[in-house]
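Dear colleague,

Please find below the structure that I am handing over to you, together with its sequence.

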Amino acid sequence: MVAALLPDIWLFAAATAVTYIADWYLHQRGSYLINRLGKVRAGLSIRFLLRQLMVILLLARLDLAEEPLFYAAVACFLVFYGLQAPHGALTTLIKLRRTLPIVTRNVDLHAVRIPDAPPRALLYRSSEKMLHLDLPAVVGVLVAAGTGEDYLGYIGAGVTLLLALGYNALLVPYLRRSRRAPSAPAVLKALDTWLGEYQPTVVLYFSGSNESAYQGNMWLDTMAAVEGRPLIVMRERNLVAQLADTSVPVVCVPAGTHLMNMNLSTVRVCLYPANVGKNIHMLRVPTMKHVFIGHGDSDKLASVNPYSKVYDEVWTAGRAGRDRYALADVGIRDEDIVEVGRPQLAPIESWTGTTRNPIPTVLYAPTWEGWDDNPGNTSLLLAGENIVRRLLKADSPVRVIYKPHPFTGIRSAKAKAVDARIKALVAKAAQDRAAESRWAQEASAAASGQRAAKAELVRIESRLAELAKPGRAGGDESEESRVALADPARQAEIAALRTEWNDAYWRSFGWWEHKTVTGARPKLYDCFNQSDAMVSDISSVVSDFIASGKPYAVTDSAGLGADEFKRQNTAVRAAVILSNGAQEIDQLLSAVADPAADSLAEARHELKTYLLGPDEPTSMEQFDAAVRALAAKAEARNAGVAQRVGEQLPEPLPDPEAASSGAGDGAAEIIAEVEVAVDPDTPSPDAEIGADPSVIR
């Protein structure tokens, strides 16, 4: 605006270029500033309109307001802005007509025709692309104003309008019926047909926020191995993309009404990893038994949530979970608790009693800050930097692996800042260690192997990216639902590649190098296997690490004192208890360095059995046995209901006219076939209570 008022055409051109680049940069980064600008009425369309208005102001200040170039620019920008409406309508209609009522994986929807999606270039960030088509007009007008060659401005304006019209024209064909997704009733009917053929017996029901995908992902391997015919039912579309690869059929049903009308009459057991409001849509079905399995076993309050009363059973890893509910006294009956172990812990390697490498590796894996400001939630805020500093400055060399919780910093800016400082500490320590002669020699000797491992990582990641999504690149979720069918060969290759990736990752840097690990890979359990000890907080991370038998420490961030801390939290009874100053960290390092100094080894073994159950039978065998037992209870319940309903049905009345005509026997047979008369306008009992149709009949 200042450049336009001066007027200075070259300053204006430079400022305009900066605004274009800044907008592009913020969109590329997905900056939250874009969202905030929209909330203060400075959204994308307004920003472009203001820039065009500044061009008009500049022309006026250059005394060109009476020139044809001025009118051409005004007309061009008005027409261009008018073309935004049909463009927005077209993209919105196409997306709506491409949206299925469900999203599926490994479900055969061949009964309905789902056409290919439009090219991704047309619909991805379409508003931003459309608005940037004003660039030829802006450049043309500025050049014309600076040089006096008006025809350059006309050419720029013409190019902008032709491109805008062309963009709209390219979208129109995708409104044709042949390019649309099938109707919702047709898709839901196809799903019911598939469910009738597949006949699922056990369901994992998952709903949650954007950050909670890990809660469902941790159960995928268990569901793939469970007896029967498993099915995963989800509720949020955005979580489907975050679901890890699995061979188990997946159905995402966002609408509660659609879910309640699904044919789940063969399902006998439904498993819930999280306590969320949308669970009610499945809990209403009486023909299946409902089980809370959680997404971790810990002494957090979430592990004794009173909401758990709504389930038929609560499955815990070991005896500790049962005792936890008894102590909490939240209404969970002891007979409704079943100990099934933790099938997910199978990949965790047991400790051999010696360090994996010449120097010990200590994993620091704090949990997140939680939804309140309780100091006992996480060690990160009060103790995190002290823990890392003491490990980095230990008398004997130690390698530190820092793996923060995925939720770290989503609520607390302070936690986010501490997390950033710890990452900086680890990075600086790694840099300093690399400069020391001993480690420089190790690095020189390992350099060729690390280069080979890094090259291997690139190859594996490239292949995994190719296998990540079946079908062509750029397909939308409707097209992916069509093509995302289970391919045993593809899944076997993915599993093998992930194993190779994990091995190559740890070989790509030295066993002495400090490291911050974030993201989906490597997994937490891979970090367990690479470490010789761990420091963490009250969370399921501690309970899971106990499966390894390795020494561990837990921080008493709330300052309860060691005795009270152990009394309140079962999982720390075999831990080194750290204060917020972390002065006790040497006890942990001594236990790792010298088995004779490990006074808590026997306590860890006993605690492992108490928390996670016995080693035999395996957790998967215990889990399958629990599924079978509960399915049998569901069958018995359904049979009992059917019998009681049958006993209460009224006897058919004889037809006097039929009896007088001698046709009574035939009429009685016909009447006997009609058990219940239902008004055709009355909703089906299935729709009302979700019961198995065969039971109602």
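Strand 13, which comprises residues 552-555, runs parallel to strand 14 and is joined to it by three bridges. Within this pair, Thr 555 stands opposite Leu 578 of strand 14. Please bear in mind throughout that this is a predicted model.

**The chain as a whole**

The protein chain contains 32 helices and 14 strands. Its C-alpha atoms fill a box of roughly 100 × 95 × 45 Å, taken along the principal axes. Of the 697 residues in the chain, 45% are buried. Among the contacts in the chain with a separation of 6 or more, 72% are between residues 24 or more positions apart.

How many of the five residues of strand 9 are buried? Five of the five are, so strand 9 is largely enclosed by the rest of the structure. In a regular strand, side chains alternate between the two faces of the sheet. In strand 9 both faces are covered: Thr 361, Leu 363 and Ala 365 are buried on one side, and Val 362 and Tyr 364 are buried on the other.

An open sheet of eight strands has the order 1-4-3-2-5-6-7-8, and its pairing is mixed. Strand 1 (103-105) and strand 8 (337-339) stand at the edges; each has a single partner strand, so one side of each is left without a neighbour in the sheet. From one strand to the next, the twist averages 25°.

Within this sheet, strand 6 (residues 289-292) and strand 7 (residues 313-316) run parallel and are joined by two bridges. Val 291 stands opposite Glu 313 of strand 7. Helix 28 (residues 619-648) packs on the sheet, where it touches strand 5 (269-272), strand 6, strand 7 and strand 8. The direction of helix 28 makes about 175° with that of strand 7.

**Helix 9 and two of its packing partners**

Helix 9 (residues 135-147) packs against helix 2 (residues 9-29) at an angle of about 165°, with the axes 10 Å apart. An angle over 145 degrees counts as roughly antiparallel, and helix 2 and helix 9 are therefore roughly antiparallel to each other. Helix 2 passes helix 9 in a left-handed crossing. On the helix 2 side the contact is made by Ile 9, Phe 12, Ala 13, Thr 16 and Tyr 20, and on the helix 9 side by Leu 135, Val 138, Leu 142, Ala 145 and Gly 146. By class, these residues divide into eight nonpolar, two polar and no charged.

Helix 9 also packs with helix 4 (residues 44-61), at an angle of about 10° and with the axes 11 Å apart. Helix 4 and helix 9 are therefore roughly parallel to each other. This contact is made by Val 55, Leu 58 and Leu 59 of helix 4, together with Val 138, Val 141, Leu 142 and Ala 145 of helix 9. It has seven nonpolar residues, no polar and no charged. Val 138, Leu 142 and Ala 145 of helix 9 take part in both the contact with helix 2 and the contact with helix 4.

**A residue in helix 6**

Is Thr 91 buried or exposed? Thr 91, which lies in helix 6 (residues 84-97), has a relative accessible area of 6% and is buried. Not counting residues up to four places away in sequence, Thr 91 touches Leu 123, Ser 126 and Leu 171. Thr 91 and Ser 127 are 36 residues apart along the chain, and their C-alpha atoms are separated by 8.8 Å.

With kind regards

Terms used
Residues numbered from 1 in each chain as written. Predicted model: local features only at pLDDT ≥ 70, side-chain atom pairs only at ≥ 80, totals over all residues. Heavy atoms only, no water. Pairing = 2+ DSSP bridges. Helix = DSSP H or I, 4+ residues; strand = E, 2+ residues; numbered from the N terminus. Axes fitted to C-alpha atoms, helices over the stretch in contact; angles between N-to-C directions. Parallel < 35°, antiparallel > 145°, perpendicular 65-115°, else oblique. Left-handed = near helix turned anticlockwise from the far one by under 90°. Contact = heavy atoms within 4.5 Å. Nonpolar A, V, L, I, M, F, W, Y, C, P; charged D, E, K, R; others polar. Buried < 20%, exposed > 50% of the residue type's maximum accessible area, 1.4 Å probe, protein only.
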